[in-house]
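Me: I am new to this structure and would like to go through it with you. Could we begin with the contacts between charged side chains?

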Amino acid sequence: MDKLAPQRHTTMEPFDDTAKEFYRQLFEEWGLTVETQREVFFQGRTIDLVVSCPTPAQQQRLQATLFSYFRRLNALEFKGIHDPLTILDYNKIMMRVWGLGVVQRPKTKENLPDLENPPDLENPPDAKSSDPELNQLPSQRTLTIICVTKPNKLLKLTQEFHFQQTAEAGIYHSSTGLAQWLIYPTELELKP
């Protein structure tokens, strides 16, 4: 290769750091707590965005948005043209999201477990409660994967992954385990 030849610039990923920063700021403007590159297990296993909505007011703020299904703890992953969603990637993402239930924050006086009154796992507390242990429950977490390239292989395996198209084109949902959404923005209806 000629050292003097101009270097080709590769096409930037549609979901580069600028896009992730945009979503981080958007959710923060809505009054939600957002963490970027949240470590799950070790640095090689991070989630692009984790959005916390522990209060009913925060969840209510999302009702008129595409993210009205958010629960207490919500993982967002972005897959670009040069990084399409494969079955292997999907399994890694699921591992990270399930890992959100086991990663604990440093113990402080406020979040030490109440040993005298352990949580009743048969009858979990109301989702509107401020109990931080609710974040460990799969029913209080969601996963959203936003894909620039439609993940046809994953969507064709409906018996395995249980993704079904919703009433809105471009949005696919699976309610097995923890609630999961695939969003393919190219199919979304343009709304002002």
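Reply: A definition comes first: a salt bridge is a side-chain nitrogen of Lys or Arg within 4 Å of a carboxyl oxygen of Asp or Glu. Please keep in mind that this is a predicted model.

Me: Where in the chain do lysine 79 and aspartate 89 sit?
Reply: Lysine 79 belongs to strand β3 (residues 73-79) and aspartate 89 to helix α3, so the pair, ten residues apart, links distant parts of the chain.

Me: Is lysine 79 buried or exposed? And what about aspartate 89, buried or exposed?
Reply: Lysine 79 counts as buried because its relative accessibility is 7%. Aspartate 89 has a relative accessible area of 18% and is therefore buried; the cut-off for buried is under 20%.

Me: Which other residues of α3 are buried?
Reply: Besides Asp89, the buried residues in α3 are Tyr90, Ile93, Met94, Arg96, Val97 and Gly99.

Me: What span should helix α3 have, at 1.5 Å a residue?
Reply: The 13 residues of helix α3 (residues 87-99) should span 18 Å at 1.5 Å a residue. The end C-alpha atoms of α3 are 18 Å apart, which agrees.

Me: Back to the charges. How many salt bridges does the structure hold?
Reply: The structure holds six salt bridges. One of them joins the side chains of aspartate 48 and lysine 20 at 3.4 Å, N to O. This pair also links distant parts of the chain, with aspartate 48 in strand β2 (residues 42-52) and lysine 20 in helix α1 (residues 17-29), 28 residues apart. Aspartate 48 is buried at a relative accessible area of 9%, and lysine 20 is buried at 17%.

Me: Which residues are linked in a network of salt bridges?
Reply: Glu21, Arg24 and Glu28 are linked in such a network. Within it, the side chains of glutamate 21 and arginine 24 meet at 2.2 Å, N to O. Glutamate 21 and arginine 24 are three residues apart in helix α1, so about one helical turn separates them. Glutamate 21 is partly exposed, with a relative accessible area of 30%, whereas arginine 24 counts as buried at 19% relative accessibility.

Me: A change of topic: how many disulfides are there?
Reply: The structure holds zero disulfides.

Me: And cysteine 53, buried or exposed? Cysteine 147, buried or exposed?
Reply: Cysteine 53 counts as buried because its relative accessibility is 0%. Cysteine 147 is buried as well, with a relative accessible area of 1%.

Conventions
Residues numbered from 1 in each chain as written. Predicted model: local features only at pLDDT ≥ 70, side-chain atom pairs only at ≥ 80, totals over all residues. Heavy atoms only, no water. Helix = DSSP H or I, 4+ residues; strand = E, 2+ residues; numbered from the N terminus. Expected span 1.5 Å × (residues − 1). Buried < 20%, exposed > 50% of the residue type's maximum accessible area, 1.4 Å probe, protein only. Disulfide = S-S within 2.5 Å.
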